[in-house]
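Morning, everyone. Please have the sequence and the model open while I talk.

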Amino acid sequence: MPASSRSHALRAMPLLLLGAAPAAFAQTAPAPVRGEVTDGASRAALPGAIVRWLGTDQAATTDEWGLFVLPYSAKATTNLLIINALGYRADTVQAGPFVRVPLKANAELQEVVITDRAPSYSSLTPTHTQVISSRDLTKSACCNLAESFETNASVEVTTTDAASGAKQIQLLGLDGSYSLLTVDNLPALRGLSSPYRLNYLAGPWIESIDIIKGMGSVVNGYESISGQVNVRLKEPEKTDRLLFNAYVNDFGKFDLNLNTSARLSPKWSTALLLHADHLAGRVDRNKDGFLDLPLATQYNVLNKWKYKSGEAVVSEVGVGALRETRQGGQMGFRENDASNPYYGITQQTTRYTAYGKTSYTWPTKPYQSLGLLVSGTSHDFNSSYGASTYGLSFDYSHDPDHAGHFRPQRQYNGTQRTGLATLLFQSAIGNTAHVYRLGASYLYDDYQEYLRNGFRPGETAAQEQQRSLRARTERVPGTFAEYTYQNSKNLTVVAGARADYHNLYGWFLTPRLNVKVDATQSTVLRLAAGRGYRVANPIAENAGMLVSSRPFSIASDLQPEKAWNVGGSFSQYFTVAGRQATFVADYYHTIFQNQVVADPYSLPSLLLISNLAPGGRSYSRSFQAEVQVEPAKGLQAKAAYKWLDVKTTYGTELLAKPLTPQHRLFANLSYASAYDKWRADLTAQWYGQRPYAPGLMHQHDAGTGTAKVLYSPRYATLNAQLTRAFKRFDVYVGVENLTNYRQRNPIEAADQPFGPNFDAAMNWGPIYGRLTYAGLRFRLE
């Protein structure tokens, strides 16, 4: 949670948590007291602990990371704090700018479990941040990252096509490639992994998710444009000793997860995270001849090691590996069977990752630290779309005219080798009301991509291979600086800038600014502005269009994407029936100075990919309002409305971005009985019309010269889940899309997949209808 990064910014690890702005605490009265309350034995955070001034009623409660902010009290006659937590012995400590309080467990109450339900919108961070907590993640099946946003209104998960199963997120109405995805605040799952990256993180591995809208810190690089999604994985020293999760649905898909951790010594801890999923059943509920979900098998492993010397050195290393295979297409398709006449999709991914994070904190200066972060990724992806791969070759020497005695096949293969290193120094100027961060980074990206559509008339095999190859190597050294000012009352300003030199495109200059004003104790205003850059991967980022008959026409002079993002938010905290409630409204405007535009409108038979036309416009305007209340004990409710205006110049016309609804409504109800024995969750979502670009079956309007734009109908979905908790395990059952709504004919010309009208990429609604599931969670704390 962003509050955690504020607190830990005064220790070593915050250097490693690079998404949120650092905290700064004034050391002169009447500055608030900030601190952390932990379990004295395990050092785990204690949510729900009460901190108050001795002799007064003024108190604060720790959040789910054990952090608190206690305003100065004029009634306090001493400089002492009283800390109480259910199941722990009370303690009295001296107040200071920042205090850490380890509490000793009360032997008579060791079995008491404290559950925190802090607001999901932080009131502390300079950036507009929403947190999906570990409790929220259990409100839906949450088998992977794609399903972790089911009970969240800010992020929408969309299906890229109706055949391959690829999914992506949308933030502020922009595709997920414009939001920086980080894992433990290290940039991850970027580049060629973007089509399927939401499947590469298992839900039971995730501790929480931070959603940051608008411009965040410059420390993480220049790529963020619409915001940042930071996934916090289970920590070796804090997570359960054992967590086993099993899931199965009525498609026959099952997921198995096993998390184990061990505290090897007071300084060393480790965690091993294992995941496997498998779908072998062929299901076609809409009777279009295509699998509703592709057959798939994934094996995924991550091992983390953490070292804490005490107060000075913290180090963490991790290694991971993933192997995934997918097969989609028509029901009768069989891979490696050249005799079958069916359309098929085959995909294979092999991925290896490694990272290391080390920081040193000056023992006499807890606000000053030095950190080094390094990470590396090897990603290999092979896929084919069309006929069976068996017996097919790109050596057509037996067919000099390349007339083709084979059914058409499209192949897309890619490799990515990435290395990233960041050196970061943090300290204060005078006192911790003025904190600064300085650093340098180096990014290495090597891409090799092959997009093969077959031969052109008169083309040799060597010419075809050369035309199909897209390769580039990026080397980007950079430096950055960030300054944070926080007065003792109500103002926080974070100003940062970075300069990166790209070996292919020259200088990237990235300024960013975040301002937070506490207008009252319960009213928070935020403003954010800044610029971001991206080097697009046009094939991977439009992988859904590969499942169509439209060839890709990619301009040879693509330039980096560059955009400004300006916006802000209003947060009001209040009470309903004596319980905490929140109202949040935000607005963000993204303006592209250049964008790599994938144009499906201008030519229905072709996907044109080029730079934004001279004089063209591309922008996104996003407004969202959300209210969260607890009308009765154990009952939580939240509702949201989102409005999006996302348009781009396609050809000569300014048109709405395909498949983005302008209006969306969201509502969630959750109930927990005493001691959380029973939990029930209900989520409803309503989507307005979505524009989409028809293929050849719907040509341009006759005689008008304007692009033909169709609109999907409005529709709603309803998800529900019921959980029964026992001492060491939970049993849950649920249903997605309870009303069984489905898009009619999600695949255009499904009966002629090798013809010119075939198109599975204009998918705007549910494909397979209602889905039921059941699962089990078993844990040893």
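Three strands make an open sheet, in the order E9-E10-E11, and the pairing is antiparallel. Strand E9 (155-159) and strand E11 (174-175) stand at the edges with a single partner strand each, so one side of each has no neighbour in the sheet. Strands here are DSSP runs of at least two residues (E), helices are runs of at least four (H or I), and both are numbered from the N terminus. Two strands pair if DSSP finds at least two bridges between them. E9 and strand E10 (residues 167-171) have five bridges and pair in the antiparallel sense. Look at Val155: it stands opposite Leu171 in E10.

A word on the model. It is predicted, so local features need pLDDT of at least 70 and side-chain atom pairs count only at pLDDT 80 or more, while totals for chains, interfaces and linings use all residues. Residues are numbered from 1 along each chain as its sequence is written, and side-chain values use heavy atoms, leaving out hydrogens and water.

Now the whole chain. It has three helices and 43 strands. Of its 781 residues, 57% count as buried. Buried means under 20% relative accessible area, exposed means over 50%, and partly exposed is in between (1.4 Å probe, protein chains only). Contact means heavy atoms within 4.5 Å. Of the contacts in the chain with a separation of 6 or more, 67% are between residues 24 or more positions apart.

Next, strand E15. How many residues of E15 are buried? Seven of the seven, so E15 is largely enclosed by the rest of the structure. Both faces are covered: Gly227, Val229, Val231 and Leu233 are buried on one side, and Gln228, Asn230 and Arg232 on the other. What about partners? Strand E12 (residues 179-183) pairs with E15 in the parallel sense over five bridges. There, Leu180 has Gln228 as its bridge partner. Strand E14 (residues 206-213) runs antiparallel to E15, joined by seven bridges. Ile209 is bridged to Val231 of E15.

Stay in E15 and find Asn230, within residues 227-233. Asn230 counts as buried because its relative accessibility is 1%. Its side chain makes a polar contact with the side chain of Thr182, at 2.8 Å. A polar contact is a pair of N or O atoms within 3.5 Å; within protein, one must be able to donate a hydrogen and the other to accept it, and residues adjacent in sequence count only if both atoms are side-chain atoms. A polar atom of the Asn230 side chain also lies 2.8 Å from the backbone nitrogen of Asn185. Leaving aside neighbours within four places in sequence, the contacts of Asn230 include Val183, Ser208 and Asp210.

Last, the rings. The whole structure has 23 aromatic pairs. Rings of Phe, Tyr and Trp (its six-membered ring) pair if their centres lie within 6.5 Å; planes under 30 degrees apart are stacked, over 60 edge-to-face, the rest tilted. Phe251 and Tyr768 form an edge-to-face pair, 5.0 Å centre to centre, with 75 degrees between the planes. This pair links distant parts of the chain, 517 residues apart. Phe251 sits in the loop between strand E16 (242-249) and strand E17 (254-263). Tyr768 sits in the loop between strand E42 (729-736) and strand E43 (771-780). Phe251 is buried at 4% relative accessible area, and Tyr768 is buried at 18%. Elsewhere, ring pairs link Phe290, Tyr343, Phe754 and Phe758 into a cluster.
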